Amino acid sequence: MRRRLALVVFATAGALLLPGTAALAAPAGVNPSTVDVTLLPGQSTTIAKNVTTSAIPPNPDLVMLADTTGSMGPAIDNVKTNASAVTNAVLAGQPTAQFGVAEYKDESDGAGLFHVDQDITADTGAVQAGINQWTAGGGGDLPEGAINALFQVATGAVNFRSGDTRIVAWFGDAPSHDPSNGHTLTQTIAALQAANIRVIAVNVGDGSAGRPGLDAPNDGDTQQATQIANATGGIVLNAADNTVAQSILAGIQAIKSTVTPTVTGCDPQLSVSNAPASASVNSGDTATFAETITAAAGTAPGDYHCTVDYLVDGMSAGFIEHTTVHVRALAVNDVTVTEGTGGPATPATFTVSLLGGPSATPVTVHYATADATATAPADYAATSGDLTFAPGDTSETVTVPVVPDSVDELNETFTLNLSAPSTGVFIQDGQGVGTIIDDDRDGAFSCTATAADVLGITAAVANPNDLPCADGSQTVASVSLNAGLINVSSRALTAQTDLTPDNVALPPAAGDHGSSSARIDTTTISTLGLNIQLGAIQSQASASCVAGPSGLAPALAGSSNIASLSINGIAVTVGSAPLTIPLVIGSLSLNKTVVANGVVTQEAVALDTPIAHIVLAKSVADVHGTAVHPNGSPCTR
């Protein structure tokens, strides 16, 4: 048996006792007692665990059982003298220890065959008093009553505590009768096992005829003490009369302790197993285990916990391990930004999160953008690099510039992709989608105004290109235009166009419009047999954004007015109402409004003849879609 130290000295009342006794070390417990690891879902790690048992088994109830027949005097005196050193040493290793005292002789000694001198107690003074009752004497023939004594101890003669380690330190110099007082060796071993009692057998026999030893052959038995010790997890030690107490202590330390890892609480995301499932070592020695900790597949980011109690002989000795498993993951969000139409680039700012909580060590991850329907560099600036999460940090950002433009187009996307995370961290959501919302209008206003148009010859035209509508103005003092025999003379011709707002990058709003107007103060149309005199004539046309149940929508409007009209001296009242007058040379249309295909055309005066088409004070406004939104309008985006 291995000894913990070469020398220990126990002192009682200043005397040196038990030289050479093995040291009784305090329990070392489990090492490491705290495990902190980072795992990926489905990953395992193995930790070497060392469980150092106490040199004294936990919470012991120690019964000192003595052969008190006539040949045992010197051995009894040794135990009496050193009893307090024994109890103090046991208490130093296990402060909850308690003790009992019993003795046996032989059947011929009547009531002395077996006697309990002190039941289990924490009172060491009472223990010493019980031991002091031992007196060597009697014994009859050579075999004694040890088997009976052990049977009695196992079946209720002493009151062991619940949850204790039960030890009988038996010392004598001769074998036992078998059966003894009706109890056989086999029955006694079974009773000791049932009571979970371990037997330390200290043989003080010297092999002489009068002191043959506990294992001496008798009644057909051989090695009674060895059989009992082996069957109960104890030990047999040989001792001289003056080292019995020392051997009792050594025997206690040599008792096997069985360590069994037991999971007492574990989050369902974790599993913990140990190999071997249990291990037996001498008290004070170290049991070694390989502990495997596994995070279940699919475990979400977070911190998870498990507790393992390394039971000693089925009881908790406080050898508890606390395990924390960190599951960490990275994720990037989706981002939506408005494209913009000018000025500095609009940034798309992605947030990369470390899920499950901060890490105690830095975490890194690579990021890079990739084209989808948006392409770099036309729509955004390609961006890549590495992020570092410092200890305690759970959020970092990546900014991707977006390129503004004024071209109507569909919403476009690109991605920010994560890769190459630090060891022990997995990517839960590694792709962030950047959506660029196009904020350009889905169309444009057009507008134009013409004061006079005679067979395609015009005077006073505002915004002649029509699309897009723009602010414009033109004034002509007078004009005389001919269409064959027809002459058109006009004074003070004006044409105007207006776009509101001028900045089409602004979002659509009610009241946005493209409009046109034309005016002529006086006009004379003359030909053979016909003279038409017109006072002030004017027209207006507009395409405007108005609010409706489904949002803004374009509305077209046109109107005109004729202050006065006379034909060959005959006055005709017109005003703003549409009117068509047949003439010999053709047809005269007044205040004509035409809305077709998204275009409003307002003509104050139109003269149609077989040879000419003459239009005075004409205003046009309309809306147009784009290539992307052919049915769109400037009122939507």
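Which residues are buried in H6? In this predicted model, the buried residues of H6 are Val244, Ala245, Gln246, Ser247, Ile248, Leu249, Ala250, Gly251, Ile252, Gln253 and Ala254. Eleven of the eleven residues of this helix (residues 244-254) are therefore buried, and H6 is largely enclosed by the rest of the structure.

**A buried strand and its partners**

Strand S6 (residues 60-67) is likewise largely enclosed by the rest of the structure, because eight of its eight residues are buried. Pro60, Leu62, Met64 and Ala66 point one way from S6, while Asp61, Val63, Leu65 and Asp67 point the other way. Both sets of residues are buried.

S6 pairs in the parallel sense with strand S9 (residues 165-172) over seven bridges. In this pairing, aspartate 61 is found opposite arginine 166 of S9. S6 also pairs in the parallel sense with strand S7 (residues 98-104), again over seven bridges. Here leucine 62 has phenylalanine 99 of S7 opposite.

**Two packed helices**

Two packed helices are described by the angle between their axes and the distance between the axes. For helix H4 (residues 185-194) and helix H5 (residues 224-232), the angle is about 25° and the axes are 9 Å apart. H4 is therefore roughly parallel to H5, since angles under 35 degrees count as roughly parallel. The crossing of H4 and H5 is right-handed. On the H4 side, the contact is made by Leu185, Ile189, Leu192 and Gln193. H5 contributes Gln224, Gln227, Ile228, Ala231 and Thr232.

**A six-stranded sheet**

Six strands form an open sheet in the order S27-S26-S39-S38-S37-S36, and the pairing is antiparallel. Strand S27 (457-462) and strand S36 (579-582) are the edge strands, each pairing on one side only. On average, and with direction ignored, neighbouring strands of this sheet are turned by 20° against each other. Within the sheet, strand S37 (residues 587-596) and strand S38 (residues 599-608) run antiparallel and are joined by nine bridges. Threonine 593 has glutamine 602 of S38 opposite.

**Nonpolar cores**

The largest nonpolar core contains 36 residues. Ile532, Ile537, Leu588, Val605, Ile614 and Leu616 have the most contacts inside this core. Apart from it lies another core of 35 residues, including Val90, Val127, Phe171 and Ile235. When neighbours within four places in sequence are left aside, the contacts of leucine 616 include Ala451, Val488, Ile520, Leu534, Ile537 and Val605. Threonine 523 and glutamate 603 are also among the contacts of leucine 616.

**Backbone features**

Most residues other than glycine have a negative phi, and most peptide bonds are trans.

| Cis peptide bond | Omega |
|---|---|
| Alanine 376 to proline 377 | about 5° |
| Leucine 467 to proline 468 | near 0° |

Proline 377 is in the loop between strand S20 (363-371) and strand S21 (384-389). Proline 468 is in the loop between S27 and strand S28 (472-483).

Two residues with positive phi may also be described. Glutamine 223, which is not a glycine, has a phi near 55°. This glutamine lies in the loop between strand S10 (197-203) and H5, and is partly exposed, with a relative accessible area of 44%. Alanine 492 has a positive phi of about 55° and is found in strand S29 (residues 486-500). With 27% relative accessibility, alanine 492 is counted as partly exposed.

Methods: Residues are numbered from 1 along each chain as its sequence is written. This is a predicted model: local features need pLDDT of at least 70, side-chain atom pairs count only at pLDDT 80 or more; totals for chains, interfaces and linings use all residues. Side-chain values use heavy atoms; hydrogens and water are left out. Two strands pair if DSSP finds at least two bridges between them. Helices (H or I, at least four residues) and strands (E, at least two) are DSSP runs, numbered from the N terminus. Axes are lines fitted to C-alpha atoms, for helices over the stretch in contact, and angles run from 0 to 180 degrees between N-to-C directions. A nonpolar core is a set of buried Ala, Val, Leu, Ile, Met, Phe, Trp, Tyr and Cys residues joined through side-chain atoms within 4.5 Å. Buried means under 20% relative accessible area, exposed over 50%, partly exposed in between (1.4 Å probe, protein chains only). Contact means heavy atoms within 4.5 Å. Angles under 35 degrees count as roughly parallel, over 145 as roughly antiparallel, 65 to 115 as roughly perpendicular and the rest as oblique. A crossing is left-handed if the near helix is turned anticlockwise from the far one by less than a right angle, and right-handed if clockwise.
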